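Please take a moment to look over the protein shown below before reading on.

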Amino acid sequence: MALEIQWWQILVLTLYAGYQILDELQLFSALNSPVFAGMLAGLVMGDMTTGLKIGASMQLMVLGVGTFGGASKIDANTGAIVATVFSIILGMTPEQAVGSIGVAVATILVQLDILARMANTFFQHRIDTAIEEENYSAVETNFLLGALPWALSRAVPVGLALTFGAPLVEKIVEWLNGPLLWLGDGLSLAGAVLPGVGFAILLRYLPVSKHFPYLILGFTITALLKTLFDYFVGLGGALAEGVEGFAMGFNGLPMFAIAMIGFALGAIRFKQSSEKSAARPVQQASATDAEQEGEIEDDEL
C-alpha cells in the first residue's frame, strides 16, 4: 500500500536539495554528503533506517570519485533523497531503490549540474564588469545571485519529482515486481554491488601498496572483533533466556570502536612520519658539518 507524501515533506526536502549543493560549494560540511541526505529524507518520511541504508549505499558508490576544475560528477545526494522517498512511500527495498532510482537520478543530475555552471557565468561576467567599474556592492550582489542557478538546479527537479513523480514510479515498481521481475532482481543486485565498486575505486587511488599492512590489519581486526562480539551477543541471549533475573544487555561491536582503532593506527603512522621528517634536517646538517670539517683538514694538510 503506497503512502502519501505531505506538502511539508516535499517543501523540506526541496529546500534541503537546494541548500546541499551550496554547502558542497562553500562550506564543505557533512550536511552535503549522501549519507546525511538519506538520513534527513528518512527522518522527514518517518523511516530513518531506510534512509541511512540508501544514503550509505550512495555514499560508498561515490567514495573514490572526485572532480577537478569544472568537471561534473553524478549527484549522489539528490539520488539519495529521491530514492529514499520513493522507497518508503512505495515499499521498495533499499537495494532496488538505489539501483532503479538513485543511480538514475544521480546520473541525470549531471546534465543539470552543467546547466547550472553555464547559467552561473552570467553573474560571473557581471562581476567582472563591476570590478572594472569599482562597484563593489554589485560584486557582492552578483556573487550572492550566483547561488541561484546552483540551488535551483537541485531544488526544482526534486520538487517536481516528489510532487508529480509518484504515479510514474509506482507504475515502474509494479512492472519491476511483476512482468519485469528479472530486471527488478538485477537492479537490486546492482544496488548491492555498487558500494563495493565505490570502495574499489577508493582503494585504487589510495597509497595501498605503501601502507598495505595497515589495510590488512584493519580488515583482520574488524573481522575478529565482529566474530568475537557475535559470540558474546549469542551467549548473552542464551543467558537471558535461561537465567531468571539476568538483565544485562549485549550489543554488537559499535562502528565507533572500529573507527577509533583506525584512528589510533593512523596517529601512530603520522607520529612516525613526523619524527622522521624532523630528524632528516639534523642528519643533513651533520653530514654537511662533517664534509666541511673534512675539507678544512684537507686544506690544512
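With a relative accessibility of 8%, Q9 counts as buried, because buried is the word used here for anything under 20%. The model in which this value was computed is a predicted one. Q9 belongs to helix α1, and, when residues up to four places away in sequence are left aside, Q9 touches E4, V44 and M45.

The secondary structure of the protein consists of eleven helices and zero strands, so that, read along the sequence, the pattern is α-α-α-α-α-α-α-α-α-α-α. The protein has 301 residues, of which 31% count as buried. Its accessible surface comes to about 18700 Å², and 68% of that surface belongs to carbon and sulfur atoms. Among the contacts in the protein with a separation of 6 or more, 71% are between residues 24 or more positions apart.

Helix α1 and helix α2, the latter covering residues 34-45, pack with their axes 10 Å apart and at an angle of about 165 degrees. An angle over 145 degrees counts as roughly antiparallel, and therefore α1 is described as roughly antiparallel to α2. The crossing of these two helices is right-handed. On the side of α1 the contact is made by W8, Q9, V12, L13 and Y16, which meet F36, A37, L40, A41, V44 and M45 in α2. Sorted by class, the residues of this contact of α1 with α2 divide into ten nonpolar, one polar and no charged.

Helix α1, which spans residues 7-27, also packs with helix α7, which spans residues 147-164, and here the axes come within 8 Å and cross at roughly 150 degrees. Because of that angle, α1 is roughly antiparallel to α7, and the crossing of α1 and α7 is right-handed. The α1 residues I10, L13, T14, A17, G18, Q20, I21, L22 and L25 meet A147, W150, A151, R154, A155, V158, G159, L162 and T163 in α7. By class, this contact of α1 with α7 has twelve nonpolar, five polar and one charged residues. L13 is listed in the contact of α1 with α2 and is listed again in the contact of α1 with α7.

Helix α7 leads us on to another partner, helix α6. How are α6 and α7 oriented, roughly parallel or roughly antiparallel? Their axes come within 4 Å and cross at roughly 10 degrees, and α6 and α7 are therefore roughly parallel to each other. The contact is made by F143, L144 and L145 of α6 together with A147, L148 and P149 of α7. In this contact of α6 with α7 there are six nonpolar, no polar and no charged residues.

Within helix α6, which covers residues 136-145, we also find N142. At a relative accessibility of 5%, N142 counts as buried, and, leaving out residues up to four places away in sequence, N142 touches F123, R126 and I127. S137 lies in helix α6 as well, but with a relative accessibility of 48% S137 counts as partly exposed. The C-alpha atoms of S137 and I127 are 10.0 Å apart in space, while the two residues are ten residues apart in sequence.

Most residues other than glycine have a negative phi. E134, however, has a phi near 55 degrees, which is a positive value in a residue other than glycine. The place of E134 is in the loop between α5 and α6, and E134 counts as exposed because its relative accessible area is 58%.

Which residues does A97 touch, not counting residues up to four places away in sequence? They are I54, A83, S87, M92 and G102. A97 and A83 are 14 residues apart along the chain, and their C-alpha atoms are separated by 5.3 Å.

Key
Residues numbered from 1 in each chain as written. Predicted model: local features only at pLDDT ≥ 70, side-chain atom pairs only at ≥ 80, totals over all residues. Heavy atoms only, no water. Buried < 20%, exposed > 50% of the residue type's maximum accessible area, 1.4 Å probe, protein only. Contact = heavy atoms within 4.5 Å. Areas by Shrake-Rupley, 256 points an atom, 1.4 Å probe, with all protein chains shown as cover. Axes fitted to C-alpha atoms, helices over the stretch in contact; angles between N-to-C directions. Parallel < 35°, antiparallel > 145°, perpendicular 65-115°, else oblique. Left-handed = near helix turned anticlockwise from the far one by under 90°. Nonpolar A, V, L, I, M, F, W, Y, C, P; charged D, E, K, R; others polar.
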